[in-house]
Amino acid sequence: MKAQRTVPTTPREFALAAACCAWPHSGRRNEVIRVAAEGGIDWDRFLLIVKRQHVAGLVRDGLSYARIAVPENVADEIGAIASANARQNLKFATEAVRIQRLFDDAGVPLVFIKGVTLAQLAYGTLALKYSWDMDLLVAPEAVPQALQLFERIGYRPFPPLPPLTDQRYRRWIEFAREYVLFHETNNVHVELHWKLVDNSHFLSGVSSTSATRVIDVSTGVNIRTLDGDDLLNYLCVHGASHGWSRLKWLADVAALLSGDTVSELERRLEAAKNSNAEICMAQAVLLCDRLFGMPNLAVLSGQLRRSRRNRWLETIALRAMTAEAELGRAAFDKLSIILSQFLLAHGWSFRVTEFWNKMNSPYDLLYGTLPNRLGFLYPLARLARWIIRRGHERPFHAPPKVARI
């Protein structure tokens, strides 16, 4: 890890947060953190960045190992958030085992994605990664039975779905990818996925019956997740689809890639082509190289930056990630991310599917007032509402440019 390549020049507080997210522990990481902390830090601003990026656990770990002096009130708040996240993950792990057994007994294939399984794979502990819910994947045809199983153990869906015979149910399954459920008493939220991405051109063949691996998240607590390259491909597509607007997503990918040799990285990138995920992975590699300065990425990132598309996607993601406010609060501030989504895979068929998905919001289809026979008009109504809504919000002020130093 080279200190001069670790973080963007601005803002300084984001640079320090990013330095703390490098993994694993090393003397080199400590030195990069110390360099990032030099020259004065606005600790209140730093705290806001840590909260927005959801990296309190990694930041507490990094600051502690590098022995950085932090104002007591800031250190206490970061520590409180990190401790709460760790307790939440332990609760999620216990609940995941209960759900996994329930589905296994019912004969419904189920696999967990992200969450506590990813925390254990990436960091070897549940104490560092933030999760607000549990994500799991079933087959589309298993959704009705899955909802019944969740109802049996106290989960309630939001929003309520129409009956299976209603045309709106079919549209929801076609254009949405997940359904949120919440427990009545333990405050656990679950995202029930029947597909992992909106665009079917990504992750072809990855499903609830794909190859899995069992993760021992704590003593006697074993949970299934995706195996091999499928998990990494999904994480890259997920992050790219959101413009990598949160540092925590990139930190997870960087941790998984940290032990790879150059040849293994090249193999992963080649394998990603089978899932149409190679552009998303290229974007992730460039971001990891720029923000974390991972030595094993230097050769590959140099090759990938020859592509104008890759360089543009890297810049868009850096702007989204370093924005101090959550995107979506200002007029058209997500427009660059929306445009970038059309460049994440090859071919016009992919782009047409991407456009059609964006014109068919499952929430519009579910709550709209048009009769079923006129459902084809919702894309036009959605576009008009989006333009009106965006135009009435406050102007967007672009974040400062990010540059390698």
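Start with Glu 31, which is partly exposed at a relative accessible area of 39% (buried means under 20% relative accessible area, exposed over 50%, partly exposed in between, with a 1.4 Å probe and protein chains only). Before you click on, note that this is a predicted model, where local features need pLDDT of at least 70 and side-chain atom pairs count only at pLDDT 80 or more, while totals for chains, interfaces and linings use all residues. Residues are numbered from 1 along each chain as its sequence is written, and side-chain values use heavy atoms, with hydrogens and water left out.

Glu 31 forms a salt bridge with Arg 34, with the closest N and O atoms 3.7 Å apart (a salt bridge is a side-chain nitrogen of Lys or Arg within 4 Å of a carboxyl oxygen of Asp or Glu). Both sit in helix H2, and because they are 3 residues apart, about one helical turn separates them (helices are DSSP runs of H or I with at least four residues, strands are E runs of at least two, and both are numbered from the N terminus). Arg 34 is partly exposed as well, with a relative accessible area of 34%.

Stay with H2 and pick Arg 29 together with Asp 61. Their side chains meet in a salt bridge, 2.9 Å from N to O. Asp 61 lies in helix H4 (residues 56-66) and Arg 29 in helix H2, so the pair ties together parts that are 32 residues apart in sequence. Are these two buried or exposed? Arg 29 counts as buried at 0% relative accessibility, and Asp 61 is buried at 14%.

Next, slide back to Pro 24, in the loop between helix H1 (12-21) and helix H2 (27-37).

Time to jump to Arg 290 and Glu 314. Another salt bridge joins their side chains, 2.6 Å from N to O. The pair links distant parts of the chain, 24 residues apart: Arg 290 is in helix H12 (residues 278-292) and Glu 314 in helix H14 (residues 308-322). Both residues are buried. In total, the structure holds 21 salt bridges.

Two loops come next. Asn 187 lies between strand S4 (178-183) and strand S5 (189-193), and has a positive phi of about 60 degrees although it is not a glycine. This residue is exposed, at 54% relative accessible area. Leu 203, in the loop between S5 and strand S6 (212-218), also has a positive phi, near 55 degrees. Leu 203 counts as buried, at 5% relative accessibility.

Last stop: show helix H6 (residues 115-123) and helix H10 (residues 247-257). Their axes come within 8 Å and cross at roughly 45 degrees (axes are lines fitted to C-alpha atoms, for helices over the stretch in contact, and angles run from 0 to 180 degrees between N-to-C directions). The contact is made by Leu 118, Leu 121, Ala 122 and Tyr 123 of H6 and Ala 251, Asp 252, Ala 255 and Leu 256 of H10 (contact means heavy atoms within 4.5 Å).
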